[in-house]
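The structure comes first, then my entries.

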Amino acid sequence: MTELPTPNILLTNRENEQLNFITSKLSSKGVAYDVEKHLNFTRIVFTDQTDSSSVTEIVAETVVTLYKFRVLKSLISEYQSKNFEIYALIGALMSVESDDETKRVEKLLGYSEEIAPGSFVEFRAEELKDDWEELKTLASLLIKQCRSPEDIYRLIPYFLSPEEGFGVEVRRGPAAFCPEPVIVPEYTGDKNVDAVIEIVRRRPRQVVIKEPELLDERLLNTLRALGE
């Protein structure tokens, strides 16, 4: 039986956020890789012993996080605020169908020898992009009816999985057990904003803040509002 090839990953040199996310995920899973820098592109290469499914899974997660955010981020300018409620809403939008979308992407990727996530999204994920655009349009219509941060927070539960719910408890406490490090994508470059988006996207039952005094007060206020 012929073994499946382990696909290399191809990124443009402008996709720094994608490169950082992918390599961080690979390192957290103990996957060995090399990064080849070229004039116009970067290639992540693997050994023959690398599990191809692990690589495909990480690429799929990259698609439904960073590339999905690219579609939704225009909502930020539609609702301008100095606080973080719009980012919490975007995190909730990103959670919509995220598990199913990851499986869809993995299936579409198939068993390629090389995967270029940007090209995949551009040319092979038309239905997925249409879904994201429809989600953005719905959110935009709802945002236009909001007159306060509280109105935005009231929208968020409708986009989160109802069977899982969402609860946040902000208190001093030990770090919770986590089977692997949580890699926060560089959605905006602002670590506080990126944390809010990723926390809501993951739909945790509880968030425990070990040293709340070290965090941005707007981030804490957002978590408190989500937990109410």
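Entry 1. I noted that the model is predicted. I then asked how many aromatic pairs the structure holds. I found two aromatic pairs.

Entry 2. I looked up Phe69 and Tyr187. Their ring centres are 5.2 Å apart and their planes meet at 50°. Planes under 30 degrees apart would count as stacked and over 60 as edge-to-face, so I wrote this pair down as tilted.

Entry 3. Where do Phe69 and Tyr187 lie? I found Phe69 in helix α2, residues 52–72. Tyr187 is in the loop between α8 (149–159) and α9 (191–202). The pair therefore ties together parts that are 118 residues apart in sequence.

Entry 4. I checked whether these residues are buried or exposed. Buried means under 20% relative accessible area. Phe69 has 4% relative accessibility, so it counts as buried. Tyr187 has a relative accessible area of 8%, so Tyr187 is buried too.

Entry 5. I turned to Phe84 and Tyr87, which form an edge-to-face pair. I noted 6.0 Å centre to centre and 70° between the planes. Phe84 is buried, with a relative accessible area of 2%. Tyr87 is buried at 14%.

Entry 6. I looked up helix α4, residues 85–95. How many of its residues are buried? I found eleven of its eleven residues buried, so I wrote the helix down as mostly covered. Among them are Glu85, Tyr87, Gly91 and Ser95.

Entry 7. Last, I looked just after α4, where Glu97 takes a positive phi of about 60°.

Technical notes:
Residues numbered from 1 in each chain as written. Predicted model: local features only at pLDDT ≥ 70, side-chain atom pairs only at ≥ 80, totals over all residues. Heavy atoms only, no water. Phe/Tyr/Trp six-rings, centres within 6.5 Å; stacked < 30°, edge-to-face > 60°. Helix = DSSP H or I, 4+ residues; strand = E, 2+ residues; numbered from the N terminus. Buried < 20%, exposed > 50% of the residue type's maximum accessible area, 1.4 Å probe, protein only.
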